There are 2 protein chains.
Amino acid sequence: MSFVFSAWMADRLARTEAALSLWVPEQAPAGLGVSMRYAVLDGGKRLRPLLVWATAEAVCGPLAPERWESEAALRAGCSVELIHAYSLVHDDMPCMDNDVLRRGKPTVHVQFGQAQALLAGDALQALAFELLVPEDRQIPESVQARMCRLLAQSAGHLGMAGGQAIDLASVGRALDESQLREMHRRKTGALLLGSVLMGAACGTPDTRAQEALCTYGQALGLAFQVVDDILDVTADSATLGKTAGKDQAQDKPTYVSLLGLAQARALATQLRSQAMEALIDSQLPDTQALQALACMVVDRTH
Amino acid sequence: MSFVFSAWMADRLARTEAALSLWVPEQAPAGLGVSMRYAVLDGGKRLRPLLVWATAEAVCGPLAPERWESEAALRAGCSVELIHAYSLVHDDMPCMDNDVLRRGKPTVHVQFGQAQALLAGDALQALAFELLVPEDRQIPESVQARMCRLLAQSAGHLGMAGGQAIDLASVGRALDESQLREMHRRKTGALLLGSVLMGAACGTPDTRAQEALCTYGQALGLAFQVVDDILDVTADSATLGKTAGKDQAQDKPTYVSLLGLAQARALATQLRSQAMEALIDSQLPDTQALQALACMVVDRTH
């Protein structure tokens with residue numbers, strides 16, 4: 001049976017959306033659930049959950065829904081998506097990027113106030129970890145603990161939060177390419193790599209495959225950011241669903257400001273090739289979804 | 001050998017402080033480590049780590065440092081302390097309580113700016129979970145997963161974050177005693193109860209002991225808040241190390257505004273008795289540290 005990426009993606013997205021809608025609670029106290037759901041549901045690309053699914057299936061083979069590996073991939077995917085969602089909520093706040101538009105809607109602090117946005121983000125981070133350690137023990141506890149470790153490292157001071165601190169310190173300052181790469185390796189790359197590693201943690205890839213997946217995740221993570229920088233200058237706000245041109249407006253260093261548009265595009269293409277080669281190196285039998293996701297990241301228009 | 005609480009406490013505090021200083025990293029990027037350490041080190045009462053230690057020792061017996069239960073208690077204690085510290089950083093921000101003084105020092109956002117305070121809090125929450133899942137596997141992975149579950153539930157939308165959302169929604173509104181209790185059960189109670197439950201997770205208490213410890217943790221958690229409300233009106237800022245009288249200034253409902261000072265004091269004493277009775281019910285052989293902590297919570301002056 002030939003692989004049809006759009007059908008694969010539609011199925012995995014539907015499972016992810018259904019799970020997010022179930023697990024991000026409406027009934028949390030004093031409107032907290034409402035703002036948490038607003039931050040998470042409707043509109044995300046769900047790239048990170050798709051990466052978790054694709055990697056889990058590459059290392060485990062086809063995943064019937066009743067297998068614990070399937071449950072683990074679903075939980076891990078939702079969990080990284082919650083971390084991503086919380087980071088957007090906090091990042092949009094007036095003391096950070098002060099952005100009013102996200103996924104085509106008013107940002108959380110515009111809709112619910114800053115205090116609620118702060119709390120919703122905090123609660124989403126806690127919920128991300130809670131999803132990884134369900135009480136029913138279908139998922140081996142060794143896998144649960146490993147998932148928590150990978151998520152904490154990706155989200156924490158040496159990962160996403162550390163990258164945001166570098167970002168904060170870099171506004172209006174000239175960064176060279178290695179400094180810019182270092183910032184993005186942490187700020188967006190860590191959680192994308194974390195998605196791949198959490199997917200891999202659903203199975204037991206050999207060392208060669210594990211290292212190749214790591215290379216894939218790093219290349220894809222950097223490609224994602226390079227393309228983000230390109231879209232910030234080439235796309236309009238309506239297409240992006242967020243404010244376009246804001247990097248330049250805020251005098252933030254980007255791959256486009258550093259390399260120019262043509263070179264930035266060449267870098268994105270080169271990173272896609274690196275990711276593809278890593279998948280060949282992995283010797284995993286079926287990496288079609290991972291290949292398609294690398295193309296999607298580089299060719300996306302929003 | 002008779003139990004000397006002050007010696008027990010000094011030893012456990014020293015181990016906790018040393019571990020926090022080791023685990024909250026100086027070298028996180030772009031000053032993030034500096035603000036994280038500022039938020040955590042020097043000045044906290046460390047009540048939550050002490051509760052974890054005392055409960056772990058009540059269920060496991062004396063804990064030699066080389067036992068994994070000792071490592072688990074140390075990590076769990078530091079982990080709840082990081083959650084507590086992050087919540088204070090975010091709670092002090094201008095969009096929340098807008099407080100400038102904490103533990104006798106300028107608050108994190110005053111010292112480092114709001115964006116850094118936001119990130120430091122976020123990174124501390126991730127680090128709290130990271131501490132619970134060390135790679136060396138000395139601590140059984142079932143215990144690691146259980147600790148993460150308890151911490152996430154205590155900190156999340158049904159615990160601390162949920163309580164803060166209720167708090168936010170209640171400013172300037174009249175709450176009755178059951179609503180006030182509900183708010184505090186989540187806002188401060190959940191993490192104090194979580195400390196007790198994480199301590200208990202270092203061992204395997206029987207159902208009777210588990211339930212009694214739960215009752216102890218709930219009574220102590222509520223007592224802590226009642227005393228906090230009392231101190232807010234009876235102590236000065238220098239003694240508290242934070243701004244006194246701010247509940248009244250912000251028109252927040254408290255046990256003192258609801259019950260009056262004398263009744264609030266009577267309630268605190270009654271809750272201490274409940275906590276003590278629960279320890280007798282637990283039939284655990286040695287609960288002296290837990291008893292002393294209940295007294296400390298009620299009799300404290302700051």
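Residues are numbered from 1 along each chain as its sequence is written, while chains are lettered from A and ligands numbered from 1 in the order in which they are written. Because the model is predicted, local features need pLDDT of at least 70 and side-chain atom pairs count only at pLDDT 80 or more, whereas totals for chains, interfaces and linings use all residues.

Reader: How many helices and strands does the secondary structure of chain A come to?
Author: Helices (H or I, at least four residues) and strands (E, at least two) are DSSP runs, numbered from the N terminus. On that basis, chain A comes to 15 helices and two strands.

Reader: What radius of gyration does chain A have, against that of a compact globule?
Author: The radius of gyration is taken over C-alpha atoms, and the globule rule is 2.2 Å times the number of residues to the power 0.38. For 302 residues, a compact globule would have a value near 19 Å. Chain A agrees with this, its radius of gyration being 18 Å.

Reader: Is L267(A) buried, exposed or partly exposed?
Author: L267(A) lies in helix α14 (residues 261-282) of chain A. A residue is buried if 20 or more other C-beta atoms, placed from the backbone, lie within 10 Å of its own, exposed if 12 or fewer, and partly exposed in between. L267(A) has 19 other C-beta atoms within 10 Å, so this residue is partly exposed.

Reader: Which residues does L267(A) touch, not counting residues up to four places away in sequence?
Author: Two residues are in contact if their C-beta atoms, placed from the backbone, lie within 7 Å. With those up to four places away in sequence left out, L267(A) touches V226(A), Y255(A) and L259(A).

Reader: Which element gives the most to the side of chain A that touches chain B?
Author: In the model, 46 residues of chain A are in contact with 46 residues of chain B. The elements of chain A that give two or more residues to this side are α2 (32-40), α6 (114-132), α7 (141-155) and α8 (160-170). The most, 12 residues, comes from α6(A).
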